[in-house]
Amino acid sequence: MVDAVVKSEVPAAGAAAEQAAIAAAREAITAKLTYAVGKNAVTASDRDWFLATALAVRDRMVDPWIASSKATYATGAKRVYYLSLEFLIGRLLFDTMNNLGITETFRAALGDLGVDIEKLKSVEPDAALGNVGLGRLAACFADSMASLSIPAYGYGIRYDHGLFRQVVKGGWQQEYPETWLSFGNPWQFERPEVVYDIQFGGSVEAIMQPSGLPRYVWHPSETIEAVAYDTPITGWRGRHVNTLRLWSARAVDPLRLDAFNSGDHIGALVEQVRAEAISKILYPSDETPAGQELRLRQEYFFVSASLQDLVYRHMRTYGDIRSLADKVAIQLNDTHPAISVAELMRILVDLRDIPWEEAWDITTRTLGYTNHTLLPEALETWPVPLLERLLPRQMQIIYLINAIHLEKAKHVDGADDGFLSSVSLIDEAGGRRVRMGHLAFIGSHSINGVSALHSDLVKETIFRDLDRVYPGRINNKTNGITFRRWLQGANPGLTRLLVETCGPDILDDATGLARLVPHAGDAALHDSVGTVRRANKVALARVIRDRLDIRVNPNALFDVQIKRIHEYKRQLLNIVETIALYQAMRAQPHKEWVPRVKIFAGKAAASYHMAKLIIKLANDVAAMVNSDPTVRDLLKVVFLPNYNVSLAEIIIPAADLSEQISTAGMEASGTGNMKLALNGALTIGTLDGANVEIKEHVGDDNIFIFGLTTPEVAERRRQGIDASATIAASPRLAQAIEAIESGVFSPGDPGRYAALTTALRHHDYFLVTADFESYYAAQRDVDALWLDRAAWWKASLTNTARVSWFSSDRTIAEYAKDIWNVPVKLAG
């Protein structure tokens, strides 16, 4: 690991001090094994050793955690509160040890005890607290806030079973509950004393005051409790530690004793089950009214608990709610926490007696909103009747916010009825629904997109009219990733080479990677990097063999597309090109083909039929290609189930080619593109999301760009999305689609993919067919560069050297300066 390179644990302390540190770690682990786990070294399992080690490491976090909190209170520093429905933190053992600089100390200590630390890595479950991009971004940001010494809390939900555990049976995705908490969570601290009442339903009473103004009192019909669980988040070199506070739902009364004693043992638990359902799983299906209600209950639950908690902390410290915006910055990570606007207003107006205008000023100065998508289904809307029934007081507040907002909007030049309808918080078309994205926009002083292109599109499309009412609020903060996890932790072999070439200071300041550029053409360095890459590919090949019983050639080009399965991300384009390549290989078996391994991973939403069909097609294509002796080791297709952070940490360091092929204008940013480029994979992609900025940084010669641009996509859609003529003009595309249609890959069920092929032919909204020929040609450019090994490795090293700008430290520093108004302090 990294600390083995720079010896950051014991700088100049000598061998004696190093041995003392190892002895102390050994004693700490043994003590935890005995007194916390209740086992002895003879009978302890790998899981027991993991728990003992994690608890010993956790102890190393507590002192700086407490010190960081004390310093924040002592200085009166402004705090940042990051509200996110997801925090995909992955496994924490090696990440935390790396940030504390104690990996090699604990490796040696465990070695003395006869324990291989690498075996403990696989024992730790991934924390099932997110899906993919949104949750992983939140985790990277949490790491960077701690590393930049920004006093911060992350707020979310402690899901019992996460999104779901993906199992592929017969090529079909099946969903099962995650069981990550089955053996407990050694990183968390339960806070049973930190409990807040979360209320739903009931009615609102208007009580006239002596002033003649009404005071509104909410009489809820249901109360549940939110219980806090804290996880310390350690920054780089352990200088600062922040808190990730997750809420678990429970019933006020665990059971109705009268019903239980009368024999209704199941009915006695109904309220407990109803309450605890809130924190059972992430993103329950919203296809039913009950599912929609549960989604809204989840969002309000964690928002209300978080706001109550931070207001309590503020009042305990400062005693004046009017200073909230000066001491608190709240960032809404996407639209899920948008109800924060109404809930904070309720707290200020109803519970703290702040006049409306002053409360609105406090609210808007406190809140910031990050938009992550242009997709309508992700810009949540809720039925007005549901909100009126579930959150009646908040709905009243939303009505008043909207009335005041529309009065302001009337004064915008050209504000006609259509304009007012578009900016209203209530969508009157097709059933009255509350636009939560609009609510977040109106209630925040800053609205940011997450790539330059995305931020421009936010201003030009979904929030175009709101930008006219509130000009100047929209800004850009291009996403970033933490290099500590995605380079130092995931790829220690490459990290060692980079430290040797560029100097150890790159571990503190990633901009030093630019010093790699003059060495990008060094043949000796190419050999060294190639050795590291091949070792990573061998490790991935072993995982593929163990999980899928498929053997792949580590000398082949590893072509990787790892992300949520969605039509706009266009895994289907990749599969269709794979079929075309397969057909070409069969037709010309003696041609010098570049050996490829096509690697897919990602989950489809449980109710997303088309995405699940794409997974099935990938597996059907894999079954045929992998069993065809004609292509032998020239082409393999792999779909790795249950994609998560730990699997990504194995795949990304082994990748040669990074597939970032979304329809232009539809990907907000992407962060997988950054992780893969940092590790030296070359990108093949459209000019979408952060691909645009990656291209600007790495240079046109070191990336493979294809396909329609965002304006060209819009124009193509205006012309119509029937693709019959496009398919007819491309024989290889036509042949590939016909193979799918005719049942070549589904011989027992030839109509299986009719929905996919009909969409491709007659309703190709995502323009798979329009971009196919350009994509196919770009893939052949990839082949040509692959055959020129010196040119390939030069491009690979250039990618690593020039993507330092995509560090989440840079992103968070921009949030701190431009939105939160808090100082940063670099660790180093």
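**Close-up views of a predicted model**

**View 1. Pro392 sits in helix H15.** Pro392 is found in helix H15, which spans residues 392-409. Helices (H or I, at least four residues) and strands (E, at least two) are DSSP runs, numbered from the N terminus. The model is predicted: local features need pLDDT of at least 70, side-chain atom pairs count only at pLDDT 80 or more, and totals for chains, interfaces and linings use all residues. Residues are numbered from 1 along each chain as its sequence is written, and side-chain values use heavy atoms, with hydrogens and water left out.

Is Pro392 buried or exposed? Its relative accessibility is 11%, so Pro392 counts as buried. Buried means under 20% relative accessible area, exposed over 50%, and partly exposed in between (1.4 Å probe, protein chains only). Leaving aside neighbours within four places in sequence, Pro392 is in contact with Gly201, Gly202, Val204, Trp218 and Leu387. Contact means heavy atoms within 4.5 Å. Pro392 and Phe200 are 192 residues apart in sequence, yet 8.2 Å apart in space, C-alpha to C-alpha.

**View 2. Met395 also lies in helix H15.** At 1% relative accessibility, Met395 counts as buried. Not counting residues up to four places away in sequence, Met395 touches Val384, Leu387, Glu388, Ile426 and Val434. From Met395 to Val384 is eleven residues in sequence and 8.1 Å in space, C-alpha to C-alpha.

**View 3. Helices H10 and H12 pack together.** H10 covers residues 289-318 and H12 covers residues 340-351. Their angle is about 40°, and their axes are 10 Å apart. Axes are lines fitted to C-alpha atoms, for helices over the stretch in contact, and angles run from 0 to 180 degrees between N-to-C directions. H10 and H12 are therefore oblique to each other. Angles under 35 degrees count as roughly parallel, over 145 as roughly antiparallel, 65 to 115 as roughly perpendicular and the rest as oblique. Which residues of H10 and H12 meet? Tyr300, Val303, Ser304, Leu307, Gln308 and Val311 in H10 meet Ser340, Glu343, Leu344, Arg346 and Ile347 in H12.

**View 4. Six strands form an open sheet.** The order is E19-E18-E17-E20-E21-E22, with parallel pairing. Two strands pair if DSSP finds at least two bridges between them. Strands E19 (635-640) and E22 (704-705) are the edges, each pairing on one side only. E18 (residues 596-601) runs parallel to E19, joined by six bridges. Ala601 stands opposite Leu640 in E19. Helix H22 (residues 523-548) packs on the sheet, touching E17 (557-562), E18 and E19.
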